[in-house]
Amino acid sequence: MTKHKVGIIVGSNRRESINRRFALALARLLADRFEIAWVRIDDLPMYNQDLEGDRPETVRRFTAEVGALPALLFVTPEHNRSIPAVLKNAIDWGSKPTDKNVWRGKVAAITGTANGAIGTAVAQQHLRAILGDVGTLVMGGEAYVTFKPEPVDTEGNFVDESRRTFCKAYMDQFALLVQRLASPPGA
Ligand SMILES: Cc1cc2nc3c(=O)[nH]c(=O)nc-3n(C[C@H](O)[C@H](O)[C@H](O)COP(=O)(O)O)c2cc1C
């Protein structure tokens, strides 16, 4: 049976991103049920409405990729109690022009990790509001994961059972939602 695709967007452009490591571990929890597509955002230019007449190639690649995906997992850092500019920039590109908004009708889940105790909670609330505004159905529930102590090793394996169990339950909930709501592959 063909698997649904789930796109993963990491809201960081940092080479050693802890959110990318965390996302890798989450991808492993989904890989038995979904084909995973890593959607790059770090090569997008800063949004500028003046470029709308002739969108840069990287932007066209990005919107085509997102447009073809039924479901998205966002794994984001928190920057100054909001989402990083690189992620907001990607969302802005995808939201315009309005009649080609690629976020509309997608199913999404949100999580993220930080060294602080609240594990990106404020950024996730902002992201939830932004995605709601652009027409994405965001799964309920919360997964704020602190990186102190580190939940995953450098290869993206969970290092303790309790956080693996917590994250697996969150990913299972997402999987159920995607299977129920996302269009079947090729539809
Ligand atoms: C500009 C900036 C602002 C930050 N603001 C926050 C913040 O509001 N909350 C937080 O928990 N961490 C904050 N941090 C620390 C990040 O959690 C840390 O840099 C983390 O490694 C970012 O995730 P990444 O490695 O996936 O890029 C900030 C870091 C930067 C560079």
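Select Gly-112 and Tyr-144: Gly-112 stands opposite Tyr-144 in strand S6. Helices (H or I, at least four residues) and strands (E, at least two) are DSSP runs, numbered from the N terminus. The model is predicted; local features need pLDDT of at least 70, side-chain atom pairs count only at pLDDT 80 or more, and totals for chains, interfaces and linings use all residues. Residues are numbered from 1 along each chain as its sequence is written.

Next, select S6 (residues 144-146) together with S4: these strands pair in the parallel sense over 3 bridges, where pairing requires that DSSP finds at least two bridges between two strands.

Now select the whole of S4, residues 107-114. Of its 8 residues, 8 are buried, that is, 20 or more other C-beta atoms, placed from the backbone, lie within 10 Å of the residue's own. Val-107, Ala-109, Thr-111 and Thr-113 point one way from S4, while Ala-108, Ile-110, Gly-112 and Ala-114 point the other way.

Leu-72 is partnered with Ala-108.

Finally, select the ligand. It is surrounded by 13 residues, the closest being Ser-12, Ser-17, Asn-19, Pro-77 and Ala-114; a residue counts as near if its C-beta atom, placed from the backbone, lies within 6 Å.

Methods. Buried ≥ 20, exposed ≤ 12 C-beta atoms within 10 Å, placed from the backbone.
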